[in-house]
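Trainee: Could we go through this one together? I'd like to start with a single residue and then look at how the chains meet.

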Amino acid sequence: MPTFYLDDQPIEFEQGETVLKAVLRFGVQIPHYCYHPGLAITAQCRQCLVEVTDMGNGRGMPKLQTACSTPASEGMKLSATSEKALWGQELVNEFLLINHPLDCPICDQAGECDLQDFAFAYGTGKSEMAFEKRVYGWRDVGTFIALERNRCIQCSRCERFSRDIVGSHDFGAFLRSHELTFDTWEDSPITHKFQGNLADICPVGCITNRDWRFKKRAWKFRKVESVCPSCSTGCNITLEHHQNRVFRIRPRENQEVNRWWMCDEGRVGFKPLNDRHTRLGEPQVRVKGRFQTAQWGAVMEAIAMRLKEIGAREKQVIALTDTHATNEEMFMLRRLLADGFGSQGVFFPLIVGKQQEKPTHPLEDDFIFTLITTDKSPNTEGAKRGDLIGDRDDKRLKAALKESPKVVIVLGAPFQQNSEIRAAVAKAELIVYIGAFANAWSEAADVVLPGYTYAEKYGTWINKAGRLQRIQPALNPPEQARDQVWILSALLGAPENGESFADGRAVLEAMAAQGGDFAGIGGEQIGHLGLQLKKAAKERKK
Amino acid sequence: MAEEKLLLLKNIRQQGYGGDYASYKKTGGGAAFKKALTGMTPAEVIETVKESGLRGRGGAGFPCGVKWSFMPKDLPGPDQKPHYLVCNADEAEPGTLKDHVLMLGDPHMFIEGMMIGCYAMRSTHGYIYIRGESPHAIRRVQAAIDELYKAKLLGKNILGSGVQLDLTVHPGAGAYICGEETAMLDSLEGKRGLPRSKPPFPAQSGFNACPTTVNNVETLANIPFILTEGPKAFAAFGSENNTGTQAVSISGHVEKPGVYEMDMGHNLKSILEDFAGGVRGGKKLKALIPGGASAPVMRADEIDVPYDFDSLMKAGTMRGSAAIMVFDEDTDMVEVANRTIRFFNHESCGQCTPCREGTFWIKNMIRQFGDDAGDEALLSLVHRAAGNIIGTTICAFGDAVGGALQGFVQKFPEDFRNHFQS
Amino acid sequence: MRLGTVRFSEAVLKEVEALFARYPVKVNALLPLLHMAQRENGGWLQPGWDSYIAELCGTTLNHVRGVITFYNMYRTSAPGKYHIMVCTCLPCGLCGGAEVMEHLEKRLGIHAGETTGDGMFSLEEVQCLAACDQAPLMVVNEDMQKRITLEQIDRWVEDTRAKKA
C-alpha cells in the first residue's frame, strides 16, 4: 500500500484518500470540525492545518494545508506538530473562540464537545478579544432538536447533511462574513425523521437533542454497543445510560448497515426501557381469577403439575412469539415445543417490511431513507430462518387455533392487536406468558414469567439484509426477572431434562454446534459490526 | 504629460469612436478571430499566446497561454464534458475601473479576445460575469453580443467553419468575493459565491464541474492584437517577464484621476506625476496603494519602482489589478485602514474561520483607534491578528486582508500612535 | 402572502425560458432570475418569491434564501421610489463619499439601509461602484451622479420632493 509520513510516522493510505481520512483511520488525532467522513469536504474551518514539507517530489508547500482536503500521495511528508502547524491550529482555535460564548457549564455538549476538547489540547488558553460577541437567541427548530446559534462555529456540517444526505435542505447558509449563519427559517420547522443526526454531527453545542436537554452531563454516561430494535434495519447503536436509566441512543458507525446515521424513531426506542409502570418484576400466578406473586421455584412446580394434569401433546400445544425475540429465544422456544411436547407449532407475525420514508427532493444518494422500514421489529428475518411459522394473513396460526390447543406459550407481544387470535387463545386451558412488560397477553395469561429487555441480555438478531448482529446487557434487570432463554430451558424441565442456559451466549454455542445457518458462529465471528449470513437455505434453492 | 502607449485604449482614445461593431470593424477589428478560425489550429493559438508572455491582468499575473494549455486538449465529444471560458468582468476591487472603461468604450475588443479563447480551448459557450451594480456595462456588452449574433459571428457554424459559439452575459448581484475565480464559478452556477478549495483546479473541474478557464477582461482584450500583430510585436511592449501594455486606474488625491495605458514596468512615480498630474492641490504625497485595496500600502519614498508584477512583489506589495490609490499628506492612515477593513469585513464570504472572525475582530480594533482609545498592545494585536489571516484560508482574500492591514501598521505606526488613549 | 400567489406574467415567463436556454441547468440562472423578479416587482422580493423562484429552477427554498442573503443587491424590503447608493469605500470615502453619506442621512432623516416614511427615498451604503475616478458619487436608481457636491445634493432632494408635490 502507498505510504506517507506524518511527523515521521508512516501511514498507509488508499489511492484517492485525503490525508486526514487516512490519519484518523490510523488512529492519530488532528483537530478538525468541518470534516465529516459522511459529508462533502469544504475545508472551511481550517482547524486541521498541517505543514507539508515534501509533496512526495522533494518539494514542500509554502502555505499550511488543510489535512482534510489534501490528497495523500506516495512519499509525502507532513507535520501536524511542527512550530508552523501548531501556529496554524492555535490561531484557528483563537479565532473560533472569539465569538463563542464559552458557556460550557450550561451546555449539554460539554464533555463530548470537539471545540472544548481541541481548545483544551491545542489552544493557548487565553483570549485577547475585548469586544462584544455575536448574540442570538435559542429555539427549537424541529420536533427533535434545539438550536443555540451563539455556540455555532460555522462548520456547515448541518447544511451539508440536510442538503446532500436528506435533501430537504432545512439548514441553510444565510448572510455572509461574520454574520454568516446556519439556520432554519421560522416558517419551515424541520419535520423529517433524521433530525437527531444533526445533533450528532454538530461538533459543538449548537444543535442539541431536545429530549435530554439539561437532563444529564455527557461524561456521566456509560455506553454499551447494541442494535436498534425499532425496525428490521437493525442500525448499530450505543445505549447511553446512567444509574440504570437509558438517556440516549446514538448511532454507531457501520458502513454495511447504517453508515453514521439512524432515524429519530429509533432514537426514542429507549423510552420503554425506563418504563417502571408496565415492567414486570416478579413471577405471577392466577389464583381464582386474581394474580398472586410467587417464588420462581413454586411457579415452575405449579406449571409442571398443571401441564401433567392437562397432558397436552403435539397440536394441543402451540407457542406464539414476536420478532423482538432473539434467535436464541426462538431456538429455545422451538426446542421446548419439540422436545417437551412433540409440537412444531411456533408462530410469529410475518410482516413484509417496506421502505417507509421517501425523499422530498431529488438526491444523488437516498441511502438514509432506506433506513426506516415498516417492519417495526428487529428479527423477522431470524424467525423466518429459524423455521418458525409465519404467513401473511396468519392463516396457519388460525388453522392451528381451530384445533383448540390446550396450552399456549406466549413470548413477548405477538398478534396483540388481533382480537380474533386473542379470543381463540383465551380458550386454552393454560396460557404461559414470558416477557418484560405487561400487555394484553400478560392480562390473559395464567402464569406470567418476567423476562429481560433487549438492554439486559445477550442475544442476536438478523436484520432485513440477512446480517447477524448481537445485543448485550447495559442495564441491570429487576431482581426477580430472568433471561428468557433460562426460563425456556427451565420450562423444559432443566436440569433433569436437558441443559440449562444462563444466557444467550451459551445458547448460541449450542446453535453453532447444531449446524445450519449458525454453524461455527460465535460471538467473535459476529463482532462489533455483525456478520453477513449467506442467503437462507430456502432462498438459495430458488 | 507622458505619452500613453495605446494598444487596449487605441479605439477609445479616438474622438467620436462609437464602440459598436461597425466602428470596431473599421479599425480592423474582427480580423484576429477570422485569422484564428480559418488559419490556425487551437494549439497554434495557445502557443502564440504563450509566446507573447501575456500575464493575466486580473491580479495574480499568471501567464495566460499557460493557463489555457491546462485545459483538456481533446475535442469534447458527446459523452465528454463541455469546456467553458468565463470572462471575469466583476471588477469590484476598490480603485479598479479599467475593465469598465474597456467594456463601456470598446466592448468588441475583449469579446473578440474571448471568442478566440473559446476557439483555442474548444469551448462552445462562454460566460461574461459582470457585476450587477453596473447595469450600463451589462447593457453595453449585451448589445455588442447581439450585434455579433446578427452578424453571424456568434451562433452555429460561424463563418462556415462548423464552429459553434455562444456568449452569455451573467450579472452578479453584489459580492466582491465573486471576483475570485472559483467563487465566480459558484456564483455562475447559481450558488452563494464561495471560493473553492483547490485542487481540483477549474481547468479540471470548474463551471458545473466541467473544465473551465477564467480570464479577466483586460487580459482578453490583448488577444486580438497578439494574433494579428504577432507575439513579438506584443512582447516589444513592456519588459521581459512583464510584456505588453497595461491599463492603470488612478484614484484618490490626484489632479487627474482616471485610466491610463502604458508599458508594463513604467515607473510608478512617473505614473503618478506624468499621467495623473501629481497630488491634488499641490500637496505632498503621503502614501499610495499600488494594486487595489488588497495590496500593502507604500510610503512616498518607496514609489520609485517599475510598475509591474515582479517589481512590486519585490517591493513587498503587489500590482494586483493595477489600481493606484493616492493619499496626500493630510490623510490619516488609521482612516484608510478603517475603510479598508470595513470593506474586507463586509465582503468576506465567511466560510474560513480566520477570515470570518479575523476581519470582524480587526474591524473592532481599528474602530477603537478611531475612538482614540488605542494603545501599544492593541497595535501589536492588530498586527498579530492580521498576520494570522495570511496563508491560512482557502482563497487569497485572507492574504490580501492580512497583508494590507499589516502594511498600514508597519509603515505608519505613528498615525496609529496619534490615536492612543491619552 | 400565501405561497403560490406570486408568479411571473406570461410575457416574463417567455423571457425566463429564453434565460434557462442559455445555461446547462436551470439553477445556474438563479442570479439573473432573481434580478428579473426584482425588476418586475418594484425593486424587491416580496414574500413568496423565494419559493416561487426555487420551484421554477428546481432547487430548494433554502438554497434560494441563502443566495438572496449572500448578495448585496437582493432586497427583501421595499426600496424608496428613489433608491440612493453612496460608495464610502476607500478612494470614494476619502474623497468626500463619507461626507456625502453623512449629509444625505441628515438631509433625509434616515440611516443607511432605511427608507423615508413617505416611501420616496431609500439610502444604501455600498462598496466600490468601479467609478473611483469620479468620487464622490451617488447613484440614484441607475443614474450615476459623479463628483457630486453637497449643494447639488440639496438641490436634487428639493427638486425631487417638489416634483412629487
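Mentor: Leaving aside neighbours within four places in sequence, C:Asp50 is in contact with C:Leu45, C:Leu61, C:Val64, C:Arg65 and C:Ile68, where contact means C-beta atoms, placed from the backbone, within 7 Å. This is a predicted model, in which local features need pLDDT of at least 70 and side-chain atom pairs count only at pLDDT 80 or more, while totals for chains, interfaces and linings use all residues. Residues are numbered from 1 along each chain as its sequence is written, and chains are lettered from A and ligands numbered from 1 in the order in which they are written.

Trainee: Why does C:Asp50 count as buried?

Mentor: C:Asp50 counts as buried because it has 24 C-beta neighbours inside 10 Å, the cut-off being 20 or more other C-beta atoms within 10 Å of its own.

Trainee: And which helix holds C:Asp50?

Mentor: C:Asp50 lies in helix H3 of chain C, residues 49-56, helices being DSSP runs of H or I with at least four residues, numbered from the N terminus. From C:Asp50 to C:Leu34 the C-alpha distance is 8.5 Å, with the two 16 residues apart in sequence.

Trainee: Switching topic, how many residues of chain C and chain B make up their contact?

Mentor: The contact takes 33 residues from chain C and 43 from chain B. On the chain C side, helices H2 (30-40), H4 (61-70) and H5 (90-108) each supply at least two residues.

Trainee: What about chain A and chain B?

Mentor: There, 25 residues of chain A are in contact with 24 residues of chain B, and helix H2 of chain A (residues 83-98) gives the most to the chain A side, with six residues.

Note on methods:
Two residues are in contact if their C-beta atoms, placed from the backbone, lie within 7 Å. A residue is buried if 20 or more other C-beta atoms lie within 10 Å of its own, exposed if 12 or fewer, and partly exposed in between; C-beta atoms are placed from the backbone.
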